[in-house]
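Please look over the sequence and the 3D view below before reading on.

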Amino acid sequence: MTLISPGKRNTQEDQRGISTMALSVWNYCVPLAIITAACLVNTARCQAVQAENVTVLEGGTAQISCRLQNYDGSIVVIQNPRRQTLFFNGTRALKDDRFQMVLFTQRLVRITLTNVSVSDEGGYFCQLYTDATHHQVATLSVSVPPETPTVEVKQEAVEGGEAELTCVSPRSKPATTLRWMRNSREIPGVVSQQDNGKTFSVSSTIRIPVERKDNGAALNCEAIHPALSGQKRVRHYRLDVYFAPTVRIVSPTGILREGDSLSLTCSITGNPLPRDILWSKINDTLPERAEISGPTLQISRLSQSHNGTYLCQAQNNYGRAADHYTLLVYENVSVTTMAPTTPPTQPTTTKPTTTPPTTSLLEPESRLLDPEDPGAVVETHSAVPYAVIGGVLALLVFTVICVLIVTIWCSVRQKGSYRTREPILAWY
């Protein structure tokens, strides 16, 4: 028995591996060289048929071509991916009107397939039957561009909360790319993809905090796909933020007096906008002459009995709000005015004018005639400022007090003169 050292054993194993590899290369290269040489000698047989790969949009028309070299009238057969014969030497073999033979020459055979769908994808065989069978496969690929994506609201946007929106592209091939945009800035989203066989459905979900000012903000979901040739399918979406209403009463300016009319308008904001507006009077009922038309409250011919606080209220599903207005109606003050008399004049022959007759000395101002219509009587009211009335009253009171003081003082001195029996001149 011969002992072999580890080093020698490894050397022998390496030599055996090299020999085996050389034998494998020899067994592969020699037939390949023979085949190559045969191809160089007989080019017609080695390159008898060629096929071209085709990519087409779904719903379009595909052209499947088979190029022939040195065609000698042999049988040409075209088969679909299920190995069903479509055409046999230019004759239809499969009853499918979508396939048409459009060209059959010694150099080129071409068929068309209309209304292509993803189910038509696969390899189409171009076969040439000579002494040996030659075939090439034309691979048909169908691209499915996405439709305009849709937006689904997963969570309503309420003031102070978050809005959850999902953009969905239900079908495309290859899978489309979705992108959320707001004011030309991208909003990162969570993307999910589902394989539906030969097509894909893609969705992108975003969650954004919202406030009242975000109501109506514009968001865009863009679908990007190679089949769109650089264009985009865009879905525009307006953010709908829900919030409680606000109420503000728009009231007239200036002082209101008896006989005037009052118009109050209740200005309301909110989402959704409250439909029902409630007008009321605190601790009382609305006047009989009060008329409500939508957000407007009107009261004609005001009187002091209408004084009080009026309230406008509105509410929606997210809250309620109110505003109030305090009405103060002032009493009218009529002042009698004296009109100057007109001295008598000699009658003249001039044409009479339409000037209204002069009022009498004691005719009150509230019965003046309308200068545009002498027969009409116009009720007018002349209001004296309350400051003037107060000043006149104060002056009268002061005068009365002074007269009383002087009277009392004179009375006291007169009584003293009687007691002393002194002449009045003695006091001076």
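**Ground rules**

This is a predicted model, in which local features need pLDDT of at least 70 and side-chain atom pairs count only at pLDDT 80 or more, while totals for chains, interfaces and linings use all residues. Residues are numbered from 1 along each chain as its sequence is written, and side-chain values use heavy atoms, with hydrogens and water left out.

Strands pair through backbone hydrogen bonds when they build a sheet, and the pairing is either parallel or antiparallel. Here a strand is a DSSP run of E with at least two residues, numbered from the N terminus. Two strands count as paired if DSSP finds at least two bridges between them.

Four strands make up an open sheet in the order β1-β3-β8-β7, and their pairing is antiparallel. β1 (49-51) and β7 (99-104) stand at the edges. Each has a single partner strand, so one side of each is left without a neighbour in the sheet. On average, neighbouring strands of this sheet are turned by 20° against each other, direction ignored. The angle is taken between axes, which are lines fitted to C-alpha atoms; in general such angles run from 0 to 180 degrees between N-to-C directions.

β3 (residues 62-68) and β8 (residues 108-113) pair in the antiparallel sense over six bridges. Q63 stands opposite T112 in β8.

**A sheet of three strands**

Another open sheet has three strands in the order β23-β26-β27, with antiparallel pairing. Its edge strands are β23 (277-281) and β27, and each pairs on one side only. Neighbouring strands of this sheet are turned by 20° against each other on average, direction ignored.

β26 (residues 308-316) and β27 (residues 319-327) pair in the antiparallel sense over nine bridges. How many residues does the hairpin from β26 to β27 run through? The hairpin joins these strands through two residues. Along the pair, T309 stands opposite T326 in β27. C312 stands opposite D323 in β27. Keep C312 in mind for the next part.

**The disulfides**

A disulfide is a pair of cysteine sulfur atoms within 2.5 Å. By this rule the count comes to three disulfides. The table gives their sulfur distances.

| Cysteine pair | S to S distance |
|---|---|
| C66 and C126 | 1.5 Å |
| C167 and C221 | 1.7 Å |
| C266 and C312 | 1.9 Å |

Start with C66 and C126, a disulfide with its sulfur atoms 1.5 Å apart. This pair links distant parts of the chain: C66 lies in strand β3 and C126 in strand β9 (residues 122-129), 60 residues apart. The torsion about the S-S bond of C66 and C126 is about -50°, so the disulfide is left-handed. Both C66 and C126 are buried. Buried means under 20% relative accessible area, exposed means over 50%, and partly exposed lies in between (1.4 Å probe, protein chains only).

Next come C167 and C221, joined by a disulfide. They also link distant parts of the chain, with C167 in strand β13 and C221 in strand β18 (residues 218-224), 54 residues apart. At -90° about the S-S bond, the link of C167 and C221 is left-handed. Are these cysteines buried or exposed? C167 is buried because its relative accessible area is 0%. C221 counts as buried, also at 0% relative accessibility.

The remaining pair is C266 and C312, joined by a disulfide. C266 sits in strand β22 (residues 262-271) and C312 in strand β26, 46 residues apart, so this pair too links distant parts of the chain. With -95° about the S-S bond, the link of C266 and C312 is left-handed. C266 counts as buried at 4% relative accessibility, and C312 counts as buried at 0%.

C402 counts as partly exposed, at 30% relative accessibility. C410 is partly exposed, with a relative accessible area of 38%.

Return to β13, the strand of C167. E164 has its place in this strand, which spans residues 162-172. Why does E164 count as buried? Its relative accessibility is 19%, so E164 counts as buried.

Which side chain joins that of E164 in a polar contact of 2.6 Å? The partner is R207. A polar contact is a pair of N or O atoms within 3.5 Å; within protein, one must be able to donate a hydrogen and the other to accept it, and residues adjacent in sequence count only if both atoms are side-chain atoms.

Contact in the wider sense means heavy atoms within 4.5 Å. Leaving aside neighbours within four places in sequence, E164 is in contact with E152, V153, K154, Q155, T205, I206 and R207.
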